[in-house]
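Please read each point alongside the sequence and the structure.

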Amino acid sequence: MAEDESGQEKTEEATPKRLEKARDEGQIARSRELGTTLLLMTGGVSLLMFGATLAERFQGVMRNSFSFDRDAVFDSSYMISHLGRSLGSIIDVVVLILVLLMIAGAIGSVSLGGWLFSSKPITPKLSRMNPLEGLQRMFSAKALVELFKAIAKFSLVAVMASMILWYMRSELLSLSQEALAPAITHAVWILVWSALGMSSATIIIAAIDVPFQRFENSKKLRMTRQQVKDEYKDSEGKPEVKSKIRQLQRELAQSRMMASIPEADVVITNPEHFSVALKYDISGSGAPVVVAKGADEVAMKIREIANLNEVPLLRSPQLARAVFFSTEINDEIPASLYLAVAQVLAFIFQMRQASSSKRPADAQVRALNRKLDIPDDMAFDASGDVPDR
């Protein structure tokens with residue numbers, strides 16, 4: 001099992017962030033065998049497809065190059081024009097083969113790890129010039145693996161070449177009985193097919209090397225559990241910092257909530273455990289809005305601010321719990337509570353018109369609470385549950 005410098009085993013798969021960083025640094029899976037295979041196979045197939053045309057063009061060039069008038073020998077312009085015609089007769093086929101090889105090389109390079117341009121792998125490093133580290137790389141396990149791969153490739157290609165020569169032995173022997181021109185053509189075709197057959201041996205090598213390179217790259221990028229934890233802390237933030245941020249956010253939200261209480265029309269209380277502050281815009285078309293709510297100490301603070309700013313307090317435990325558990329700050333009250341809240345607001349507005357006092361009488365409050373129609377699904381208890389009826 002791989003270990004890092006701290007001695008911990010790298011048992012965890014690389015995280016997306018680690019993979020992205022490795023890719024930026026050029027650490028991706030690459031298979032030279034795959035690129036070599038595509039180049040050799042493309043070259044062999046290209047010669048099979050365009051070899052006859054290319055051979056005919058070369059024959060024409062050779063024929064024209066050795067059959068010319070005596071005057072042409074002393075005419076330098078003729079030689080230049082003849083060279084241009086000779087190149088023009090073969091350039092299209094040669095360029096086509098080179099383009100196919102270039103495409104095959106590009107596909108072989110990007111097919112495994114994808115397209116990547118990074119300057120970090122070629123950045124000069126003094127550690128690469130250290131002779132001791134160079135010797136360590138020469139006699140490392142990776143170097144032994146590469147040596148084994150080279151021997152295996154040579155052996156496989158040699159076996160394939162022997163099999164091809166044995167299979168074509170009769171055709172090779174028959175070349176001596178053919179005329180010169182057909183013998184040359186026949187020999188070229190034997191060489192092309194033999195090269196293509198030996199190149200096909202690299203398909204086996206590439207089929208083994210591609211998954212091996214993927215495994216090696218994945219193994220190299222593995223992480224220890226501590227590295228995963230450190231990365232999580234770096235990306236998500238340390239727990240104590242996140243807790244502090246959440247606390248500050250809550251304090252900020254609470255300060256904004258408290259600042260909106262003086263604008264409320266009424267604060268409905270439990271009275272000890274819950275407090276909700278409602279505001280209704282008479283000129284608007286919306287329902288009353290919950291501008292503040294809280295439980296226990298926050299509820300006490302809401303009542304304190306309401307008293308300081310002469311906001312009416314109304315004791316209605318059932319309605320206070322219903323609004324508290326069914327809404328959030330700045331939410332409109334639920335439709336099922338429209339009637340009950342409308343009765344409360346009407347009571348508060350009538351009280352304001354009848355008297356300058358901001359505190360309703362207890363008898364009036366009890367009479368109002370008996371009139372309030374709280375739906376069964378809004379009849380919350382102090383724990384936020386709706387008792388079975």
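**Notes on the predicted model**

1. Of the contacts in the protein with a separation of 6 or more, 73% join residues 24 or more positions apart; contact means heavy atoms within 4.5 Å.

2. The model is predicted: local features need pLDDT of at least 70, side-chain atom pairs count only at pLDDT 80 or more, and totals for chains, interfaces and linings use all residues. Residues are numbered from 1 along each chain as its sequence is written, and side-chain values use heavy atoms, with hydrogens and water left out.

3. The protein has 14 helices and four strands. These are DSSP runs numbered from the N terminus (helices: H or I, at least four residues; strands: E, at least two).

4. Of the 389 residues, 30% count as buried. Buried means under 20% relative accessible area, exposed over 50%, and partly exposed in between (1.4 Å probe, protein chains only).

5. Ile91 lies in helix H4 (residues 76-110) and is partly exposed, with a relative accessible area of 46%.

6. Most residues other than glycine have a negative phi. Asp296 sits in the loop between strand E3 (289-295) and helix H11 (297-308) and is partly exposed, with a relative accessible area of 45%. Glu310 belongs to the loop between H11 and strand E4 (313-315) and counts as exposed at 55% relative accessibility.
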